[in-house]
Structures are given as structure tokens and as C-alpha cells.
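Me: I have not looked at this one before. Can you walk me through what is in it, a piece at a time?

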Amino acid sequence: MALLGCYTGYFGGANGVIVLAVLQYLTNEDFLVNNAIKNVICGVANISAFIIFVFRSKIYWQQGIFLAAGMLIGGFLGPKILRHVSVKAVRWIVAILAFIQAIYFFTQVY
């Protein structure tokens, strides 16, 4: 989990999916509980990275505002939506979207 935290703070791509998969594998907790734990882990990693980047790097604040707004909206609406959708459906949706994103990035690079 510490390595995932470093990855999350530096890059962050698909970190939620990776952390959730690891938690599902390592624990016997319910999916919604693991999702809440994932949110805390990723939030702490991102806040830590933010503090480091503020003092050590150039930040593009105009773009960051849009990312922060999306994060806040998703953080507010995500748990409400997850309470009404089956766990199996969420897993399939996440897997399909991750696959589509991987194909998109692959086609952009190659």
C-alpha cells in the first residue's frame, strides 16, 4: 500500500482502481467499506503530494481548479450512487472504462 501511495501521489492514473482491487484481495470487507477505505487512502496520498508539489514544483492553478471541482463533485455524488447500484455492476463498469481508457492512451501514443 505504501508503494501505491507513492504512485498515487506522483501520477495518480487508475490509482483508485488499483487500490480497490488490492483491498478486495487482501480483506474480507464489503465492497462499499473497501471503497470508503480506498477514498481515505487516495485522499491522504493526494493531499501529501499536493503539499510537496506546492513547495517543490510549479503548479498550473487554472487547470487544477477544474480537477479539484471534479474531485469534489465525484467525492460527493459517488457514495450516493454506489448505494443504489449493485457491486457486480460497478465492477463491470469500472473494468470496461479502464479498458477503454487503456486503449485510448495506447492509440494516442502509438
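Me: Start with V54. Which helix does V54 lie in?

Reply: V54 lies in helix 3. Keep in mind that this is a predicted model.

Me: How exposed is V54?

Reply: V54 has a relative accessible area of 33%.

Me: Which residues form the nonpolar patch on the surface?

Reply: The patch consists of I47, F50, I51, V54, F55 and W61. Together these residues have about 660 Å² of accessible area.

Me: And which helix gives the most to the nonpolar patch?

Reply: Helix 3, which covers residues 31-56, gives the most, with five residues.

Me: Step back a bit. How many helices and strands does the protein have?

Reply: The protein has five helices and zero strands. Read from the N terminus on, the order of elements is α-α-α-α-α.

Me: What box do the C-alpha atoms fill?

Reply: Along the principal axes, the C-alpha atoms fill a box of roughly 40 × 35 × 25 Å.

Me: What share of the residues is buried?

Reply: Of the 110 residues in the protein, 15% are buried. As for the surface, the protein exposes about 8800 Å², and carbon and sulfur atoms supply 73% of that area.

Me: What about contacts between residues at least 24 apart?

Reply: Taking contacts between residues at least 6 apart in sequence, 39% join residues at least 24 apart.

Me: New topic, helix 2. Which of its residues are buried?

Reply: The buried residues of helix 2 are N15, G16, V19, L20 and L23. They sit on the same side of helix 2, because they cover an arc of only 125° around the axis.

Me: How many residues does helix 2 have, and what length does it reach?

Reply: Helix 2 has 12 residues and reaches 16 Å from its first C-alpha to its last. That is close to the 16 Å expected at 1.5 Å a residue.

Me: Back to N15. Why does N15 count as buried?

Reply: N15 has a relative accessibility of 12%, so it counts as buried, the cut-off being under 20%. N15 lies in helix 2, which runs over residues 15-26.

Me: And what is N15 in contact with, leaving aside its neighbours within four places in sequence?

Reply: N15 is in contact with Y7, T8, C42 and N46.

Note on methods
Residues are numbered from 1 along each chain as its sequence is written. This is a predicted model: local features need pLDDT of at least 70, side-chain atom pairs count only at pLDDT 80 or more; totals for chains, interfaces and linings use all residues. Side-chain values use heavy atoms; hydrogens and water are left out. Helices (H or I, at least four residues) and strands (E, at least two) are DSSP runs, numbered from the N terminus. Buried means under 20% relative accessible area, exposed over 50%, partly exposed in between (1.4 Å probe, protein chains only). Contact means heavy atoms within 4.5 Å. Accessible areas come from the Shrake-Rupley method with a 1.4 Å probe; for residues, only the protein chains shown count as cover. The expected span of a helix is 1.5 Å times one less than its number of residues. The arc is that of the directions from the helix axis to the C-beta atoms. Patches are made of residues with over 30% relative accessible area and no salt bridge: like charges are joined within 9 Å, nonpolar side chains (Val, Leu, Ile, Met, Phe, Trp, Tyr) within 5 Å. A salt bridge is a side-chain nitrogen of Lys or Arg within 4 Å of a carboxyl oxygen of Asp or Glu.
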